[in-house]
Amino acid sequence: MIISNGINTNVDATANAQRMTTGSKNVQALNAQMAATQTTKSSSTVGSESLGVVLNLSGALSANMNRVATTYSSSTTLKMGSQGSAVRVLQTKLTELGYSTKGTDGIFGNNTRNAVIEFQRAYGLDADGIVGNATRNQINTCYTNHLNNVLSVGSRGSNVKKLQENLTKLGYNTYGADGIFGNNTKKAVLSFQRANNLSADGIVGANTHKAINAALERLKNKPIDNPVDIDTSDLTAKQAKMIENLKNDTSLGLTSTKKTAMLTAAERLLSEGYEVEFVAGVLGNIQAEGSPGIFESSNYSNPNNRPSYLKYMDNNFNYRSEFSGKTISQVGIDKAVTLQEKAENSGFAGKFGLGMIQWTGSRTTGLLQAYEKYCSSNYPTVEECAKAEANYIVDELQGSHSYVYSNWKKGNMTAQSAGEIVCRQYEVPANIDYQARTRGQNANAIYNVMMK
């Protein structure tokens, strides 16, 4: 179970245990007072629901609360002047729901009436300060939801405040975090649910909590402000200096995310014993391609330039709205695997680029397997994507594409030639002659930075 910033996908076991303990003590204190009443009313018709009932609870609290429930029929009306255990249970529940009665003395006075009126207004009930069937049923429903962290209009408290803070953090403005679930919070919830393909009911239950947690996790994958620190313990001092030179460089104009991709790949390739010129050749191609975990964009400024395979993906798999330009950390590895299976079943009439090298076709399947192997969750971070992709590059260069390195070693073994041969034999992009020259030039510049 993922827990982020106080919002749980399931009932918080610790919190519930504390509530059960508190509720159990409250009810036990009522039992002695209730015993005589139970005896005198044993012949009366009783209902299954009262202000003290939470039918889906278990253990001591459930048993005790049900004993309270058998004392008061569902037709019991509580109002100014009412006294006894039922009033005390009412006060306890209203207080937990965020409607303070300023005490739980079992006496229905002005404070309790004001809390009832406030509750009734929040839920669109007749605000008469009298607890009849409609108000009683709404309180019971709200209390059960409260125990299970189901939040909706009228809910109050710290969980609502945390929900508001998290939604605002995700870009869904609740116009404040006051702990009161009102219309602005509902609108924010509805917007979030629609954006995440959830049932748009404005109620925050288990599925919406889970989606919020996932979205908060994905925030970790936003473009990073600084490139990651690279572990160079497996490198020689000279190689570690190359990594440091590349990390500190500004002449190449790299974004932090792009630099993280190149640093991670450089460390992995150098640790495997590849010559620095060849490493620079690989990096020169990464510089011209994508970023870790990113899906190829199908949103071309000139639609006529969009390749046929992306048109196929857009038309058949809703690629544009669900994947194009997004990261695997946003959509999840599982969803990407499903998309790849659909593309494969089409005979790769539809395919898509993915990652720092923008792997396509059957090679994307291998990349997704690397994500599953090296990443810790369905929504990996930028750093995890970079490590998985760097490992996959080495796997290919030592396996299915081992000829790339062998062929390079038969030539003059410069960074320029490495950039060109990696482009022609490993990348194979469109407009290959132009791309080979450009990537060779990239590789030469990168090599000069590394060798300072």
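**Note on a helix pair, a cavity and a pocket**

1. In this predicted model, helix α4 (residues 110–122) and helix α5 (residues 133–147) have axes that come within 11 Å and cross at roughly 80°, which means that α4 is roughly perpendicular to α5 (angles of 65 to 115 degrees count as such). Their contact (heavy atoms within 4.5 Å) is made by Val116, Phe119 and Gln120 of α4 together with Thr135, Gln138, Ile139 and Cys142 of α5, and these residues divide into four nonpolar, three polar and no charged.

2. A search of the whole structure finds two cavities of 30 Å³ or more, a cavity being a set of points on a 1 Å grid where a 1.4 Å probe fits but cannot get out. The largest cavity holds about 100 Å³ of space, and its lining (residues with an atom within 4 Å of a point) includes Cys142, Asn145, His146 and Arg156. By class, that lining has six nonpolar, five polar and one charged residue.

3. The second largest pocket (an open set with protein on both sides within 12 Å along at least five of seven lines) has about 620 Å³ of space. Of its 27 lining residues, Glu289, Glu296, Tyr309, Gln358 and Pro429 lie nearest its centre. While α19 (415–427) and α20 (432–450) each supply at least two lining residues, α19 gives the most, with three.

4. On conventions, residues are numbered from 1 along each chain as its sequence is written. Local features need pLDDT of at least 70 and side-chain atom pairs count only at pLDDT 80 or more, whereas totals for chains, interfaces and linings use all residues, and side-chain values use heavy atoms, without hydrogens and water.

Note on methods: Points joined across faces, edges and corners; volume = space filled by probe spheres on them. Helix = DSSP H or I, 4+ residues; strand = E, 2+ residues; numbered from the N terminus. Nonpolar A, V, L, I, M, F, W, Y, C, P; charged D, E, K, R; others polar. Axes fitted to C-alpha atoms, helices over the stretch in contact; angles between N-to-C directions. Parallel < 35°, antiparallel > 145°, perpendicular 65-115°, else oblique.
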